[in-house]
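Me: I have just opened this entry and would like a guided look at it. Could we go through it together?

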Amino acid sequence: MGPRDTQLLAALLVLGLCALAGAEKPSPCQCSRMSPHNRKNCGFPGITSDQCFDNGCCFDSTVGGVPWCFHPLPKQESEQCVMEVSDRRNCGYPGISPEECASRKCCFSNLIFEVPWCFFPKSVEDCHY
């Protein structure tokens with residue numbers, strides 16, 4: 001590896017660290033609505049909550065035997081629509097349009113097949129860190 005390769009590697013490392021530093025802290029619903037057994041590790045042993053949040057991940061040390069620093073649920077247009085797929089309760093019918101779903105005051109996401117795409121929202125009052 002020559003000097004130019006080392007400089008390129010250093011530049012990429014700095015860019016990667018800058019991207020991590022700019023990670024957005026997930027919302028309370030993105031974290032608290034994740035079932036502990038579905039958590040995907042996002043940290044390392046001994047990570048602090050601040051380090052975890054700085055990486056854009058969730059932190060919860062109240063449940064043993066599962067990752068404490070974990071990836072959040074995906075963002076949705078509304079916090080009321082953030083939930084695990086298994087929590088979706090059908091609010092429509094197969095092939096419903098986003099507009100028809102919205103007219104029913106329900107959430108719409110067609111990213112996953114074989115689950116309700118139009119589903120009832122949940123109260124955000126149960127979301128907390």
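This is a predicted model: local features need pLDDT of at least 70, side-chain atom pairs count only at pLDDT 80 or more; totals for chains, interfaces and linings use all residues.

Me: Which residues form the largest nonpolar core?

Reply: That core has eight residues, namely C29, C31, M34, C58, F70, L73, V82 and C127. In soluble globular proteins, nonpolar side chains tend to be buried together.

Me: Taking V82 from that set, what is in contact with it beyond its neighbours within four places in sequence?

Reply: With those neighbours left aside, V82 is in contact with C29, Q30, R33, L73, P74 and Q76. C29 and L73 belong to the largest nonpolar core, as V82 does.

Me: Now for charges. How many salt bridges does the structure hold?

Reply: There are four salt bridges. One of them joins the side chains of K75 and E24, at 2.7 Å from N to O. This pair links distant parts of the chain, 51 residues apart: K75 is in the loop between β2 and α4, and E24 is in the loop between α1 (3–21) and α2 (28–32).

Me: Is K75 buried or exposed?

Reply: K75 is exposed, with a relative accessible area of 54%. E24 also counts as exposed, at 55% relative accessibility.

Me: Which residue does D87 meet in a salt bridge?

Reply: The side chain of D87 meets that of K122, at 3.6 Å from N to O. Because D87 lies in the loop between β2 and α4 and K122 in the segment after β4, the pair ties together parts that are 35 residues apart in sequence. D87 is partly exposed at 34% relative accessibility, and K122 is partly exposed at 26%.

Me: What about E84, where does that lie?

Reply: E84 lies in the loop between β2 (69–70) and α4 (98–103). E84 is buried yet has no salt bridge, and K122, the nearest side chain of opposite charge, is 8.2 Å away. Apart from its neighbours within four places in sequence, E84 is in contact with R33, M34, S35, N38 and L73.

Me: Let us turn to the rings. How many aromatic pairs are there?

Reply: The count comes to three aromatic pairs. In one of them, F108 and W117 have ring centres 6.4 Å apart and planes at 80°, so the pair is edge-to-face. The rings of F113 and W117 have centres 6.1 Å apart and planes at 50°, so that pair is tilted. Ring pairs link F108, F113 and W117 into a cluster.

Me: Is F113 buried or exposed?

Reply: F113 counts as exposed, at 64% relative accessibility. F108 is partly exposed at 24%, and W117 is partly exposed at 26%.

Me: Finally, which residue lies over the face of F53?

Reply: K25 lies over the face of F53, at 4.4 Å from the ring centre.

Definitions and conventions: Residues are numbered from 1 along each chain as its sequence is written. Side-chain values use heavy atoms; hydrogens and water are left out. Rings of Phe, Tyr and Trp (its six-membered ring) pair if their centres lie within 6.5 Å; planes under 30 degrees apart count as stacked, over 60 as edge-to-face and the rest as tilted. Buried means under 20% relative accessible area, exposed over 50%, partly exposed in between (1.4 Å probe, protein chains only). A charge sits over a ring if NZ of Lys or CZ of Arg is within 6 Å of the ring centre and within 35 degrees of the ring normal. Helices (H or I, at least four residues) and strands (E, at least two) are DSSP runs, numbered from the N terminus. Lys and Arg count as positive and Asp and Glu as negative; His and the chain ends are not counted. Contact means heavy atoms within 4.5 Å. A nonpolar core is a set of buried Ala, Val, Leu, Ile, Met, Phe, Trp, Tyr and Cys residues joined through side-chain atoms within 4.5 Å.
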